[in-house]
Amino acid sequence: MGKNQRTRRVVMQKFAQMKKMISLRDSRIKPEHRIPPKKTKKEDPTQLKITEAPQQSSALFFQYNTQLGPPYHILVDTNFINFSIKNKLDIIENMMECLYAKCIPYITDCVIGEMEKLGQKYRIALRIMKDPRFERLNCMHKGTYADDCIINRVTQHKCYIVATNDKDLKKRIRKIPGVPIMYVSQHRYTIERMPDAYGAPRK
């Protein structure tokens, strides 16, 4: 065996050997640098399990929302206003016809911001939104995504009816108990999840 082959073999053996290191879970390592053990303690069957359940609103009596009543507070979405303009419907008049009571429409900063982004084409809708009869709600959160803003408001305060024609938003609202939805259908306003209302669809 030549000298070159011998040195090459020694080098290969050195690289083939695994470096011996202390495990990071070893008791000789300081506690602050030590990794916690993988195995978790077995649960004691006799110990009581604590589970966190979402707190239900005090406004709900089963599925009935006690905070809903005249004058109705209605959160309006961008596409609801656009559908109302297409169908040539006066928003406040038709809301009152649907619910047979005084209605106060509410517009959030997010909804106005969303409408402003849509551009010059929707200037009529923007003018309607800035009507003094519409109550303005200030948004303290970041971003201008109106759907999330409406969902947050509705989950916190059960006094609102949501006016929207957005299918995705409707699906999300249906998961929240006690929140009625107003929408445009057959050239008039219809309301669901509020059986006492005139505009409610018959089952």
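A: Let's start with a word we'll need: two residues are in contact when they have heavy atoms within 4.5 Å of each other. Keep in mind that this is a predicted model, where local features need pLDDT of at least 70, side-chain atom pairs count only at pLDDT 80 or more, and totals for chains, interfaces and linings use all residues. Numbering starts from 1 along each chain as its sequence is written, and side-chain values use heavy atoms, with hydrogens and water left out.

The part to look at is strand 6, residues 160-163. Helices (H or I, at least four residues) and strands (E, at least two) are DSSP runs, numbered from the N terminus. Confidence is given as pLDDT, the predictor's score for each residue from 0 to 100. Strand 6 has the highest confidence in the protein chain, at 94, while helix 1 (residues 3-16) has the lowest, at a mean of 61. For the protein chain, the mean pLDDT is 81, and 78% of the residues reach 70 or more.

Now look at which way the side chains go. Tyr 160 and Val 162 point one way from strand 6, Ile 161 and Ala 163 point the other way, and all are buried. Buried means under 20% relative accessible area, exposed means over 50%, and partly exposed is in between (1.4 Å probe, protein chains only).

Next, the neighbours. Two strands pair if DSSP finds at least two bridges between them. Strand 3 (residues 72-76) runs parallel to strand 6, and four bridges join them; His 73 stands opposite Tyr 160 there. Strand 7 (residues 181-185) also pairs with strand 6 in the parallel sense, over two bridges. Val 162 has Ile 181 as its bridge partner in strand 7. To get from strand 6 to strand 7, the chain goes through helix 7 (residues 167-174), making a right-handed β-α-β crossover. Right-handed here means that, with the strands pointing away from you, the path from the first strand over the helix to the second runs clockwise. Ala 163 has a bridge partner in strand 7 too, namely Met 182.

Met 182 comes up again in the core. A nonpolar core is a set of buried Ala, Val, Leu, Ile, Met, Phe, Trp, Tyr and Cys residues joined through side-chain atoms within 4.5 Å. The largest one has 47 residues, and Ile 74 and Met 182 have the most contacts inside it. Leaving aside neighbours within four places in sequence, Ile 74 is in contact with residues including Ile 161, Ala 163 and Met 182, and also with Tyr 106, Leu 99 and Met 95.

That brings us to the rings. Rings of Phe, Tyr and Trp (its six-membered ring) pair if their centres lie within 6.5 Å; planes under 30 degrees apart count as stacked, over 60 as edge-to-face and the rest as tilted. A search of the whole structure turns up two aromatic pairs. In one, the ring centres of Phe 80 and Tyr 189 are 4.8 Å apart with planes at 45°, so this pair is tilted. Phe 80 is in helix 2 (residues 78-86) and Tyr 189 in strand 8 (residues 188-192), so to speak distant parts of the chain, 109 residues apart. Phe 80 is buried at 0% relative accessibility, and Tyr 189 is buried at 3%. Since Tyr 106 lies in strand 4 (residues 103-108) and Tyr 160 in strand 6, the pair ties together parts that are 54 residues apart in sequence. Tyr 106 is buried with a relative accessible area of 13%, and Tyr 160 is buried with 9%.

Finally, step across strand 7. Four of its five residues are buried, so strand 7 is largely enclosed by the rest of the structure. Strand 7 pairs with strand 8 in the antiparallel sense over five bridges, with Ile 181 standing opposite Glu 192. These two strands form a hairpin with two residues between them. Gln 186 is exposed, with a relative accessible area of 73%, and His 187 is exposed at 58%.
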